[in-house]
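This report goes through the side-chain contacts and helices of the structure shown below.

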Amino acid sequence: MTEGIADAGQTVGAMFDTHGRCVRHYLLKRCGDPELADELTAETFAGAFVALQRTTLPKAELPWLLGIATHKLADHWRRESREQRTHRAVVDQWRYANTGGSVVDTSRAAQALDELDPHYRIALVLRYHEELSVTEIAEVLHRSVHGTESLLARARRSFKTRYAEAK
């Protein structure tokens, strides 16, 4: 039998009071980053709240919560890995397209890419990582081909500037 929203909220609140420190410690030992552990702890209890909307509370609360925490940490590592692969691919493609294959500091390039306006970042990712044509990018972004060419030109200039300024 599932719980109502109010009941689920009270149950998760009580679980947090009882097990919150243990769940955070569990996550901190695995990720080594206090801020990330806090974020993942919050995600764990949010996940527990959502789960209680569909199912009943298990008899062993802490193992159930640690299972959710483990999944939240794994999701985080997958996202981070995917983002790093995307950054590397964009940097590699950009290097060959714009620098004649000269050596590029990938950490500086990743920093530069992170600092870009989101519109520029997505345009560069679509062009150099996904290898879409300008016409295809225009369709994805709901822009004209000419507008997309301009966006890519501004994005490349911004990336070069940010890369030069990166430490």
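Helices, as named in this report, are DSSP runs of at least four residues, numbered from the N terminus. The model is predicted. By this definition the protein chain has 7 helices and 0 strands, and its elements run α-α-α-α-α-α-α from the N terminus on. Of the 167 residues in the chain, 35% are buried.

**Salt bridges**

The structure holds 2 salt bridges. In one of them, the side chains of R78 and D75 meet at 2.4 Å, N to O. Both residues lie in helix α3 (residues 61-98), and because they are 3 residues apart, about one helical turn separates them. An α-helix has 3.6 residues a turn, so residues three or four places apart point the same way. R78 counts as partly exposed, with 47% relative accessibility, and D75 is partly exposed as well, at 28%.

The side chains of R24 and D38 form a salt bridge too, again with 2.4 Å from N to O. Here R24 belongs to helix α1 and D38 to helix α2, so the bridge ties together parts that are 14 residues apart in sequence. The relative accessible area of R24 is 27%, which makes R24 partly exposed; D38 is also partly exposed, at 39%.

**Aromatic pairs**

How many aromatic pairs does the structure hold? There are 2, and the table lists their geometry.

| Pair | Centre to centre | Angle between planes | Arrangement |
|---|---|---|---|
| F16 and F45 | 5.1 Å | 80° | edge-to-face |
| F159 and Y163 | 6.3 Å | 20° | stacked |

The planes of F16 and F45 stand at 80°, and planes over 60 degrees apart count as edge-to-face, so this pair is edge-to-face. The pair links distant parts of the chain, with F16 in helix α1 (residues 5-31) and F45 in helix α2 (residues 34-54), 29 residues apart.

F159 is buried, with a relative accessible area of 1%. Y163 is buried too, at 14%. The face of Y163 has a further neighbour: R108 lies over it, at 4.3 Å from the ring centre.

**Helix α2**

At the N-terminal end, α2 is capped by D33. A side-chain oxygen of D33 lies 3.0 Å from the backbone nitrogen of E35.

Methods. Residues numbered from 1 in each chain as written. Predicted model: local features only at pLDDT ≥ 70, side-chain atom pairs only at ≥ 80, totals over all residues. Heavy atoms only, no water. Phe/Tyr/Trp six-rings, centres within 6.5 Å; stacked < 30°, edge-to-face > 60°. Helix = DSSP H or I, 4+ residues; strand = E, 2+ residues; numbered from the N terminus. Buried < 20%, exposed > 50% of the residue type's maximum accessible area, 1.4 Å probe, protein only. Lys NZ or Arg CZ within 6 Å of the ring centre and 35° of its normal. Salt bridge = Lys/Arg side-chain N within 4 Å of Asp/Glu carboxyl O. Polar contact = N/O pair within 3.5 Å; in protein donor to acceptor, adjacent residues only side chain to side chain.
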